[in-house]
Amino acid sequence: MWEDDETLKDTCLIKPIVFGCGGHGIRLHNDNKYDVMMEMKFRYYDAITVKKDQDRPGIYHLNFQDLPCNKYMTDKMLSDGSDLKREDVHAWAQAILENAHGSTVRGRREIYLLRYKRRNNSHTIHAVSSTREFYIDFAPAVKLVVDESSAQALPKAWPGPKRSKATTFMLIAADFELSVLNQVGKATKDALLLMQALCIVKNLPKIRNYHHVTLALLLHDWKKIDPQSSLATVFLSLLLNLWDGIRKEDLCYFCDADLSLISNFSKTELAEYATVLKSSMETLTSISLRKKLDEGSCRRFFFK
């Protein structure tokens, strides 16, 4: 699709990056969702000026004033002050990906019908065959250099003053997060699978895999979990800190402590989720103190 878009080819390079559970491989066997970052590498991308939003902690603006830009960029994608416009990045991604809607592709054994759907911060391709279906969420991102390190900026709407709301982005460092996750140890990776299973069984759909992984990265960075710790120790630590973060409404992104990871939760949801997590934590803590753990107890908490 990128090869067929001459305007896009003349403006930037697109590099697909599989991230999330597809990138680090910590996923349940029945998980059929994948995340792909569409990294947009502009010419002289290292000259993009990254400006903090003074009214929205953890949110940034990308200024292209020092970059040579073609007419399409100047006319369509930049504000009068040369800041990159969030919705125009999404519109570009949509114009590319919606070409897949209604088409068919051949997999290893079968043919898939593709459907496209625009979401708030991503673009979903739903692939369906006679025996299988899966979802790929594509997130457009701009390649940056921040403090001499590689980073990406994701277009993200955020409440705040009207004058600057059209150009808001959040920063992530996908490669750095993956490198830290590779250091956490096998027990932590196994505990992350248990956390995913627990939230599915307890019907907590707004707690996604990224919440668990981010929490594990934070605890590792804070030296609260050790790569040599037992599975039970790490799992209960993750559960305790997840409950505590939701209870206190204080759970941040790994690379930006100013940005809340649970900003899309309502007060009612936070209270309900905290209650369920506390009950699970108390029960599992009491179970962990027993010398023998029966199969029924495990199944009740981790299997539907």
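At what angle do helix α5 (residues 174-181) and helix α7 (residues 209-221) pack? The angle is about 70°, and the two axes lie 10 Å apart. Here axes are lines fitted to C-alpha atoms, for helices over the stretch in contact, and angles run from 0 to 180 degrees between N-to-C directions. That makes α5 roughly perpendicular to α7 (65 to 115 degrees; angles under 35 count as roughly parallel, over 145 as roughly antiparallel, and the rest as oblique).

The model is predicted: local features need pLDDT of at least 70, side-chain atom pairs count only at pLDDT 80 or more, and totals for chains, interfaces and linings use all residues. Residues are numbered from 1 along each chain as its sequence is written, and side-chain values use heavy atoms, with hydrogens and water left out.

As an overview, the protein chain holds 10 helices and 10 strands, taken as DSSP runs (H or I of at least four residues for helices, E of at least two for strands) numbered from the N terminus. Its radius of gyration is 21 Å, close to the 19 Å that the globule rule gives for 304 residues, so the chain is as compact as a globular protein of that length. This radius is taken over C-alpha atoms, and the rule is 2.2 Å times the number of residues to the power 0.38. Along its principal axes, the C-alpha trace spans about 70 × 50 × 35 Å.

E177, V180 and L181 of α5 make the contact with Y210, V213, L217 and H220 of α7, where contact means heavy atoms within 4.5 Å. By class, these residues are 5 nonpolar, 1 polar and 1 charged. Ala, Val, Leu, Ile, Met, Phe, Trp, Tyr, Cys and Pro count as nonpolar, Asp, Glu, Lys and Arg as charged, and the others, Gly among them, as polar.

Helix α7 also meets helix α6 (residues 186-201): their axes come within 10 Å and cross at roughly 145°, in a right-handed crossing. On the α6 side the contact involves T188, L192, M195, Q196 and C199, and on the α7 side N209, H212, V213 and A216. This contact has 5 nonpolar, 4 polar and no charged residues.

A further partner of α7 is helix α8 (residues 231-247), packed at about 105° with the axes 10 Å apart. That makes α7 roughly perpendicular to α8. H212, L215, A216 and L219 of α7 touch S237, L238, N241 and L242 of α8.

How values were computed: Left-handed = near helix turned anticlockwise from the far one by under 90°.
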